Amino acid sequence: MDPQAAKLIGAGLAAIGAGLAAIGVGNVFGSFLESALRNPGAADGQQGRLFIGFAAAELLGLLSFVVAMILIFVA
Amino acid sequence: MAAEQGKVDPMHQFAIEPLFGSAHWEIAGYNIAFTNSALWMAIATVALWIFVAGGMKRELVPGRWQMALESFTGFIDDLLEANVGKAGRKYVPYIFSLFMFILFANLLGLIPLPLALAGVHPFTFTSHFTVTGVLAILSFAIVLVVGFWKHKLHFFSLFVPHGTPLVMIPLIFMIELVSFMIRPFSLGLRLFVAMMAGHVLLEVLSSFVIDGLNAGATFGLIVSLPSFLLMIGICALEILVAGIQAYVFALLTSLYINDAENLH
């Protein structure tokens with residue numbers, strides 16, 4: 001296969017990671033909302049943890065973007 | 001990859017260009033010309049300075065401006081109180097500066113048309129790893145200095161959680177060490193990639209709008225119009241992301257400072 005084509009296919013495949021991270025981030029906020037509606041009194045105290053979870057899930061998705069960028073522009 | 005003729009290059013917006021000064025302005029081999037990146041850093045600093053100076057009136061009944069500023073400082077104060085405890089108060093100036101600087105940078109970088117018409121493109125310097133990396137290293141350095149200052153070599157107990165079996169200690173130590181050393185990297189990477197991805201997305205959508213309109217009225221209707229509406233939505237999302245990323249940066253920095261202050 002042409003190396004340039006292989007790079008672009010790889011970059012496209014890296015976008016799967018972004019989709020999976022979307023599931024992760026949605027899961028973080030979805031679970032938070034679900035439990036926040038069950039116990040609204042405790043919800044505000046957990047906002048820090050919510051965003052830590054969000055940051056961790058999001059970082060892994062952003063890494064796939066980095067992989068795509070490296071494949072297109074660097075490799 | 002160079003942009004082909006007549007196409008929008010989504011990466012062109014991140015190009016750093018010297019505004020004044022040239023390749024000859026060098027210190028120890030590094031170019032120090034005043035770039036668009038430096039200009040927008042200066043603008044962000046001045047805007048932040050005006051915002052803070054305007055709000056520091058210390059009136060008994062705060063006006064709108066003072067209220068806005070005090071809600072930000074109160075927000076950072078609560079953040080540190082919740083994550084670090086009493087010892088966190090002394091980091092309020094640093095975390096506040098960090099949070100507001102990143103927030104202003106992210107929001108200023110999103111300003112669309114009015115300045116672009118004048119030929120000055122808002123430049124999001126937080127979309128460069130050199131900038132966010134330095135901010136992350138600053139936070140990491142504070143963690144290291146505070147940790148070793150306060151706990152001396154006992155700081156290394158951060159890498160061995162309580163109740164670790166003796167045989168597991170070397171392995172756990174290595175894992176915790178790696179996860180500790182990767183922090184400045186992930187901290188800077190998160191902010192830079194989030195900002196960069198958003199701006200690339202906006203640029204790609206804008207190229208859909210432009211190319212669709214150039215291709216004729218039919219394409220303009222079925223391609224450009226939905227893309228333009230999506231762009232407006234993404235812009236709103238980007239404002240949210242700008243706030244969240246600044247908050248996450250401040251939050252994670254305060255968590256790392258908590259590690260240094262209180263160990264585990």
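Begin by selecting B:Phe249, which touches B:Leu98, B:Ile102, B:Leu187 and B:Leu191 when residues up to four places away in sequence are not counted; two residues are in contact if their C-beta atoms, placed from the backbone, lie within 7 Å. Before going on, note that this is a predicted model, in which local features need pLDDT of at least 70 and side-chain atom pairs count only at pLDDT 80 or more, while totals for chains, interfaces and linings use all residues. Residues are numbered from 1 along each chain as its sequence is written, and chains are lettered from A in the order in which they are written.

Next, select the residues around this one. B:Phe249 is among the residues with the most contacts inside the largest nonpolar core, which has 46 residues, and B:Ile95, B:Phe99, B:Ile102, B:Ala246 and B:Ala250 are listed with it. Such a core is a set of buried Ala, Val, Leu, Ile, Met, Phe, Trp, Tyr and Cys residues joined through C-beta atoms within 7 Å, where buried requires 20 or more other C-beta atoms within 10 Å of the residue's own. The elements giving two or more residues to this core include α3 (47-74) of chain A as well as α3 (92-109), α7 (183-214) and α8 (217-262) of chain B, and α8(B) supplies the largest share, 11 residues. Helices are DSSP runs (H or I) of at least four residues, and strands are E runs of at least two, numbered from the N terminus.

Now follow α7(B) from end to end. Its 32 residues should span 46 Å at 1.5 Å a residue, and its end C-alpha atoms are 46 Å apart, which agrees; the expected span is 1.5 Å times one less than the number of residues. After α7(B) comes B:Gly216, with a positive phi near 125 degrees.

Then select chain A, which has 3 helices and 0 strands. The radius of gyration of chain A is 17 Å, well over the 11 Å that the globule rule gives for 75 residues, so chain A is more spread out than a compact globule; this radius is taken over C-alpha atoms, and the rule is 2.2 Å times the number of residues to the power 0.38. The C-alpha atoms of chain A fill a box of roughly 60 × 15 × 10 Å along the principal axes, and buried residues make up 11% of the chain.

Finally, colour the contact between the chains, to which chain A gives 10 residues and chain B gives 13 residues.

Technical notes
Buried ≥ 20, exposed ≤ 12 C-beta atoms within 10 Å, placed from the backbone.
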